[in-house]
Amino acid sequence: MPHVLLIEDDASVRDGMELVLRRHGYGVETAATGEQALALLAGERGARVELAVLDLMLPGMDGFEVCRRIRARTATLPVIMLTARGDDRDIVTGLEAGADDYVVKPVTAPVLEARIRAALRRAEPYPRQGPGAQALDADRTDHAGLVIDRAGLTVTKHGTAVPLPPTELRVLLELSASPGRVLTREQLLASVWDHTFLGDSRLVDAAVGRLRAKIEDVPARPRYVQTVRGFGYRFGPL
Amino acid sequence: MRVRLVVTFVLVALVSAVTATALAYRDARTAVLQRTQNTAVNDLRERVAAVAPGLDLPPDQQSLSRFAAKVSEGLGARVVVVRHQDLSAVSDAYADTEGRITPELRAAVRAGDGARFQRVQWRGDPYLVVGTPVTYADGDRRTSGLEVFVITDLRAERDDTAALLDSVRTGTVPVVVLAALLALLAAGTVLRPVRKLGRATRELAAGDLGSRVAVRGHDELAELARTFNETADALQASDAELRAQEAKARRFVADVSHELRTPLAAMTMVATVLEEDADQLPPDAAHAARTVGAETARLSRLVEDLMEISRFDAGAVRLNASVTDLADTVRASLALRGWTDRVTLELREDVRAVVDRRRVDVIVANLVGNALRHGAPPVTVTLAAPGGDRVTLEVADGGPGLPPEARERVFDRFYKADAARTRSTTGGGDQGGGGPGEDGSLGQDGFGQDGFGQGSGLGMAIALENARLHGGTIEVGQRPQGGAVFTLRLPLRHLEEEGDG
């Protein structure tokens with residue numbers, strides 16, 4: 001059963017979420033503060049955690065900082081931000097700190113569960129392979145120095161490994177599967193985030209922004225993931 | 001104002017100058033002529049008195065000529081004419097006297113007993129002709145029948161007065177120019193503060209409440225400026241106060257909504273557990289559990305809507321627009337809420353507009369949700385592009401429609417339409433086919449779970465705000481067959497206007 005870490009300072013919300021998630025078969029670890037959560041992740045129990053649900057408004061270290069520290073430690077742990085502040089600015093700040101998804105409080109149990117499932121699914125292997133790239137072997141493609149291994153789910157640039165969190169990796173895999181083709185934000189939302197939330201294109205924009213910071217030579221003038229104004233994004237042409 | 005002032009000034013100056021000079025000219029001319037006349041009359045009288053005793057009466061032509069010459073001697077270069085009955089003598093033989101000594105004057109001299117004079121024009125020049133009868137000096141003043149006329153040239157006097165007129169005339173122009181200059185100066189000093197005051201007033205009217213004018217001096221204008229500043233101060237102060245109160249009220253709504261979210265988050269979570277187990281509970285407890293779930297969902301929706309409306313009030317909303325397929329968006333909105341089977345769609349395909357997809361979704365959800373909740377089937381959604389740069393989305397239902405007074409207020413916050421339009425009182429959960437989230441749809445900001453039940457009372461206001469944010473409108477009307485129809489009109493904006501994320 002997947003283990004989820006709930007980082008939430010309000011005891012009632014934390015207990016409610018724990019109750020619901022346990023009833024639906026999740027293993028649950030809880031932390032009331034960011035510091036506690038980081039300590040837990042560093043410990044033995046932290047090794048079992050497969051996903052973190054992170055409240056933004058925490059006493060002491062806030063959610064943004066906790067997210068940055070989690071990202072600095074591990075690239076692959078999916079983080080869902082749980083925010084009581086639904087303003088665009090807070091959501092964008094949270095996403096830029098490295099969250100894979102955000103949920104605005106109050107959230108119903110089925111929605112939270114669905115988002116957790118989707119986030120976990122993103123961390124699973126990705127089977128498809130696109131045309132138009134030079135195939136090294138069955139699952140590896142080389143795009144002008146950017147080598148994407150779809151079986152091992154690794155990305156290397158000029159031989160150097162580029163660690164990518166699951167969401168960013170999914171975005172890259174999705175776009176590079178068909179180089180040159182424009183995917184709208186809605187298409188990316190449906191295929192990567194696995195949900196039909198209308199207009200949550202901030203998720204896509206934030207993930208693309210973080211991805212560019214890692215794989216592009218000059219993130220401000222992207223070569224691999226290009227913006228098609230008014231439509232969406234496109235991989236290449238290189 | 002400036003022109004009027006200058007014209008008035010110049011007119012006043014002109015009238016004064018003309019009147020003054022006219023009066024002065026008349027007086028001067030009269031004085032000059034009077035003096036000449038008096039001199040002429042006196043000179044003649046004295047001369048005749050001095051010369052007449054030496055003349056024997058009746059005279060002959062020769063003595064008459066001598067007499068004329070004698071009179072003329074003492075009078076300078078004037079022509080003297082002496083008459084006695086049919087005889088006449090002239091001091092200057094070449095002068096034409098007949099044209100200058102008029103019959104009326106001769107008649108007057110003959111009839112009267114004193115000097116008579118007359119001004120005449122002869123060959124274009126003015127002359128003064130003075131005539132006097134010569135009387136005996138023996139007391140009874142009998143006329144001797146001798147008449148003496150002297151013709152005085154008035155050209156010098158005429159030229160003098162003409163010169164006076166000329167100098168006055170040439171002097172008027174500088175006076176008028178000076179008056180105009182003075183008028184401009186006065187207009188400047190008077191009008192500049194007035195104009196400044198006017199500009200300040202316009203700025204104030206345009207919303208710049210910091211607009212003030214400099215107060216200079218202690219005249220009426222300064223008083224006006226001071227009053228203006230005081231008014232502006234008062235206006236600014238009350239405006240600041242209002243703004244502060246408004247901001248406080250907005251912050252309060254946002255804070256309250258925000259604070260409500262945490263307990264709501266806990267309640268929403270555990271309500272699911274209660275509802276999941278409701279089937280195993282005694283009927284009363286099951287009902288209670290379901291009610292708690294439904295009411296928690298309703299409370300959540302209300303809080304979400306309150307937060308959304310306070311964001312609109314605070315001006316904190318931003319359009320996140322991109323090219324969007326509208327038919328697609330409408331279908332997705334309905335599918336997300338499980339309404340696809342309950343709504344008839346007439347969607348024109350391939351209508352693409354630059355809109356914020358999430359906000360269009362909110363509008364569609366509110367309009368359709370409202371029709372399903374308060375109207376009656378069939379609910380029809382029609383998407384059309386009636387040409388031009390607009391696109392319309394109509395949501396119509398088969399219910400009783402809205403009375404006119406409700407139509408005006410349907411977009412007001414917390415407005416509850418007439419009870420007749422509320423289809424059912426059995427509560428939302430029953431009609432909606434499930435409590436929060438039972439349909440498993442992935443909800444969004446309070447709309448996803450349950451489109452039925454009681455609305456927050458803010459939905460239509462939020463829909464209208466979202467339409468306005470796009471530069472669009474929502475109108476409510478009546479179908480011929482009775483039902484209500486809400487029409488959303490959105491401009492088809494160009495790609496350049498889009499805010500690319």
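**Charged pairs and patches**

Author: Let's start with Glu475(B), which is partly exposed at 38% relative accessibility (buried is under 20% relative accessible area, exposed is over 50%, and partly exposed lies in between, using a 1.4 Å probe and protein chains only). Bear in mind that this is a predicted model, where local features need pLDDT of at least 70, side-chain atom pairs count only at pLDDT 80 or more, and totals for chains, interfaces and linings use all residues; side-chain values use heavy atoms, without hydrogens or water. For finding your way around, residues are numbered from 1 along each chain as its sequence is written, while chains are lettered from A and ligands numbered from 1 in the order in which they are written.

The partner of Glu475(B) is Arg489(B): their side chains meet in a salt bridge, N to O at 3.1 Å (a side-chain nitrogen of Lys or Arg within 4 Å of a carboxyl oxygen of Asp or Glu). This pair links distant parts of the chain, with Arg489(B) in strand β12 (residues 484–491) and Glu475(B) in strand β11 (residues 473–478), 14 residues apart. Strands here are DSSP runs of E, at least two residues, and helices are runs of H or I, at least four, numbered from the N terminus. Arg489(B) also counts as partly exposed, because its relative accessibility is 28%.

Now compare a pair inside one helix. Arg243(B) bridges to Asp239(B), with the closest N and O atoms 2.8 Å apart. Both sit in helix α5 of chain B, four residues apart, or about one turn of the helix. Arg243(B) is exposed at 54%, whereas Asp239(B) is partly exposed at 23%.

Over in chain A, Lys214(A) and Glu168(A) make a salt bridge at 2.6 Å, N to O. Lys214(A) belongs to helix α8 (residues 201–215) and Glu168(A) to helix α6 (residues 166–176), so this pair ties together parts 46 residues apart in sequence.

Asp125(B), Asp153(B), Arg155(B), Arg158(B) and Asp159(B) are linked in a network of salt bridges. Across all chains, the search of the whole structure finds 37 salt bridges.

Arg2(B), Arg192(B), Arg195(B), Lys196(B), Arg199(B), Arg202(B) and Arg216(B) form a positive surface patch. Patch members have over 30% relative accessible area and no salt bridge; like charges are joined within 9 Å, and nonpolar side chains (Val, Leu, Ile, Met, Phe, Trp, Tyr) within 5 Å. Lys and Arg count as positive, Asp and Glu as negative, and His and the chain ends are left out; a charge is placed at NZ of Lys, CZ of Arg, CG of Asp or CD of Glu. Helix α4 of chain B (residues 155–205) gives the largest share of the positive patch, five residues. One residue found in that helix is Arg202(B), which counts as exposed at 56%.

Helix α4 of chain B also supplies the largest share of a nonpolar patch, seven residues. Among the residues of that patch, which together have about 750 Å² of accessible area, are Phe9(B), Val173(B) and Leu185(B) (areas by the Shrake-Rupley method with a 1.4 Å probe; for residues, only the protein chains shown count as cover).
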